[in-house]
Amino acid sequence: MYEIRIHSRGGQGGVTAAKLLALAAFRDGKYATACPFYGAERRGAPVVSFVRIDDEPIKIYSQIHEPDLVIVLDTSIMDVVDVLQGLKSGGTVLLNSAHPLLGCNGTCRHVDLTGIALAENLVVAGSPILNTPVLGALAKMGVVTFPSAEKAIREMFADERNVKAAKAAYEELKA
Amino acid sequence: MLTIATGNKAVAAAVKAAKPGVVAAYPITPQTEIVEQIAEYVTDGDLESQYIPVESEHSAMAACIGASAGGVRTFTATSSHGLLYMHEMVHWAAGARLPIVMANVNRALGPGWNTWAEHSDAFSQRDTGWLQVFVGTVQEAYDATLMAFKIAEDERVLLPVMVNLDGFALSHIMQALETVDLGDFLPPYHLPHAIDTENPCVYGPMTGPADYFRFRWDIERSMRDARGVIAEVEREFAERFGRSYGPTEDYRCEDADVVVIAMGTLGKEAEVAVDRLRDEGIKAGSMRLRWFRPFPDLDLAGREVVVIDRDYSFGFGGVVAHSIRSKTGVVPYSVIAGLGGQEVTYNDIADFVRNRHPGTETWFGVSDHV
Amino acid sequence: MSAIPKEEYLVKCTSACAGCSSSLCLRYVLKAAGPDSVLVVPACCTSVIQGIYPGTAMNVPVYNIAFAAAAACASGMSNAFCALGKETNVIVYAGDGGTVDIGIQALSGAFERGTNFLYICYDNEAYGNTGMQRSGSTPLGARTTTTPGGKPTGKKDLDRIVEAHNPPYMATACSAYPLDLYKKVKKALSIEGPKFIHILAPCPPGWRYPTEKTVEMGKLAVKTGTWILYEREYGKLTISGPSKAAMKRPAPLSDYINGQGRFKNLSPEVMDEMRQQVERNIQRLSREEAGVC
């Protein structure tokens, strides 16, 4: 089982990112679950989403305490939330950032999802869309395949810029 | 159609397939997505239904009663305080012998406000005459909602059915969902005692001491007949759509020395605990209780039983533990866990089994063996 | 603004959305009410804004209560304070859903009984706490998650319902005019009996406009005559300053409507009906103020 924890703020699409990821994994023929953890709807509050991917049916509903992968869509959260808590030794961190994370215990990847979204003019209500480009980065990392990522994006969104942004993130994420 | 969906969306998809003539809707976390999705279906023309955005849950159930008696298939959804607010009408719906289907997204009760999973809300309605089923997966939420309409509307039953799913843990989690083409699985709605101006009747008038008790016996008789109807419907569902359900979902119970009994998502996560325990040499099994009303016959002879109650009846005990004890004679180890969404993992569940003390009660996180 | 006390009763660390009208208003309500006050809060955004156990952003007692019950709970509390000889202000602070829909029975009963309390309804025209579903207070044509095609019926006239109970004081207010709100709360609390203040509370996620435009949105509501600021003392109507000019020469309704995503693609018919409603309200209140009825 591969366990992923996604950190974002309410209204940034972190929950949708989890859905997209689970859908892409599903289209890869895997079992996948995605679940947000938050209270009453509140834009701007820190939000955590959990995604599990496995070759067997997933019967776990409790929170992910030892993720294999931590994704941070809004690095400003890191002032208030310990995003690295429980990260498995040898686990991976993926940051939405133009800069690498200092002092990271594990494999640290970063890609400027915000920059990519703005370049594609993928903006809704003043906020850049991060959940489709991040799927491209995850495909580069081998969490899902790119064809399934594309498929999942097209199932959920009509705007092709989402696929373009995913491609751009795929290209930009350094190996 | 194979996709992934949340528990809430799965319930809404089943409602769409069932084509109710009236849906009463009122928002409450964590059920709201159900009524929102149905609103979208209606607005987009995917579901032809009279959507009534009522002003409170009491009115939601009252509206369902009027609609069902009026002659159409009816649905509403609620949770926690919403369910409690409609309590008097929940009783009324069963007494009126109306096959209303309601999704209840299990949530704890305030004060303090808590929007996370707990079963106390549903159990507070356990004496009302409603059938109650508790689901453990997104697919089951869809399937059980479809079957609920058929069971409720069967002339041997004619009682309302509550489909329970854990708040946030199941309502908001995305899992695989296969939607089906119903075909003629659900016959057209037919209520024998629907309002008919050609054959006018008075519904629910003053009924005195010499007569009232007979109507209560009628409810109980239908509740007993419902066991057979449930089995029939579940069998037909399995034949048509390939997925089997029963009063419980048993996992590795055949040769188990100790059985963990839980409801909802804890009942699924218990299977993971069972696998861990088996690896340690403990012959554990899990039995996820699905049907709560009518309460099923359970065969627990010769086993130790650990019951996890995600609920409590103050001054008495865990509702499920005591139900099992009184119905089977087996004295369980009663664990009270998961109240207000308290996190309970498969490791915790395995610990409950490892540390079991039959005949005692433990409040997870508070005390041992009281 | 020098008349407004410095003390804060709504402190940092609320969970409000950026641009929230309600927490803006609550600050001024509490400054006007002072520390000898209890807030009775039914299920609404404020239930969450006040913070989650064990922290709180509130510096006055807050009694959280079930959705339908705020006015009834306040009624009991007010009577209790009376029995104890206490002067403590009992203030219900409720959203529109908990007032105009599920809470209306209790509101009506409390007012009919002449309960000594202040009922404040902050109206963001939807069930905000659960993610923006329609309420009876949602205006015609507005998109919400349960009216994706636009609400087919008009906004319930809560003010006339309350007026029918002949309260000694009622008023309308708006988050864009905090000093006006402050004065109205102060006046209300100086009067014995049931008092009502209805605050228009523009809401960025609900009305779909950028979070920094909340005050501008409130001003547009008043300038277009969509929301009229007034007071009734023992039934006698006084139009408040900011609405006087608006009633004589209201700004075009489109100024208000066009900035809000919830009114996107409003049909010309609905827009027209809205204009007529604004016109009717202005006429009705103008005539009443002039003594012509």
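This briefing walks through selected features of the structure above, topic by topic.

The model is predicted: local features need pLDDT of at least 70, side-chain atom pairs count only at pLDDT 80 or more, and totals for chains, interfaces and linings use all residues. Residues are numbered from 1 along each chain as its sequence is written, chains are lettered from A and ligands numbered from 1 in the order in which they are written, and side-chain values use heavy atoms, leaving out hydrogens and water. Helices (H or I, at least four residues) and strands (E, at least two) are DSSP runs, numbered from the N terminus.

**The sheet in chain C**

- Chain C holds an open sheet of 8 strands with mixed pairing, in the order 2-1-3-4-6-5-7-8. Two strands pair if DSSP finds at least two bridges between them.
- Strand 2 (62-64) and strand 8 (236-239) of chain C are the edge strands, and each pairs on one side only.
- On average, neighbouring strands of this sheet are turned by 20° against each other, direction ignored. Axes are lines fitted to C-alpha atoms, for helices over the stretch in contact, and angles run from 0 to 180 degrees between N-to-C directions.
- Strand 1 (residues 37-41) of chain C runs parallel to strand 2 of chain C, joined by 3 bridges. Val40(C) has Tyr63(C) in strand 2 of chain C as its bridge partner.
- Helix 3 (residues 70-84) of chain C packs on the sheet. This helix touches strand 1, strand 2, strand 3 (89-95) and strand 4 (117-123) of chain C. Contact means heavy atoms within 4.5 Å. The direction of helix 3 makes about 175° with that of strand 3 of chain C.

**Strand 2 in chain A**

- Strand 2 (residues 31-37) of chain A is largely enclosed by the rest of the structure, because 5 of its 7 residues are buried. Buried means under 20% relative accessible area, exposed over 50%, partly exposed in between (1.4 Å probe, protein chains only).
- 7 bridges link strand 2 of chain A to strand 3 (residues 46-54) of chain A, and the two run antiparallel. One bridge pairs Tyr31(A) with Asp54(A) in strand 3 of chain A.

**Helices in chain B**

- The buried residues of helix 5 (residues 87-95) of chain B are Met89(B), Val90(B), Ala93(B) and Ala94(B). They cover an arc of only 145° around the axis, so they lie on the same side of helix 5 of chain B. The arc is that of the directions from the helix axis to the C-beta atoms.
- Their cover includes helix 3 (57-70), helix 4 (80-85), strand 5 (101-106) and helix 8 (212-241) of chain B.
- Arg97(B) follows helix 5 of chain B, and its phi is positive, near 60°.
- Ala63(B) lies in helix 3 of chain B. Leaving aside neighbours within four places in sequence, Ala63(B) is in contact with Ala24(B), Ile52(B) and Val54(B).
- Ser323(B) sits in helix 10 (residues 319-328) of chain B. Ser323(B) counts as buried because its relative accessibility is 13%.

**A pocket in chain B**

- The second largest pocket holds about 830 Å³ of space. A pocket is an open set of points on a 1 Å grid over the protein atoms alone, with protein on both sides within 12 Å along at least five of seven lines; lining residues have an atom within 4 Å of a point. Grid points are joined across faces, edges and corners, and a volume is the space filled by probe spheres set on the points.
- 23 residues line this pocket, and Gly95(B), Ala96(B), Tyr203(B), Gly204(B) and Phe215(B) are the closest to its centre.
- Helix 8 of chain B gives the largest share of the lining, 7 residues.

Key: On a 1 Å grid over the protein atoms alone, a cavity is a set of points where a 1.4 Å probe fits but cannot get out, and a pocket is an open set with protein on both sides within 12 Å along at least five of seven lines; lining residues have an atom within 4 Å of a point.
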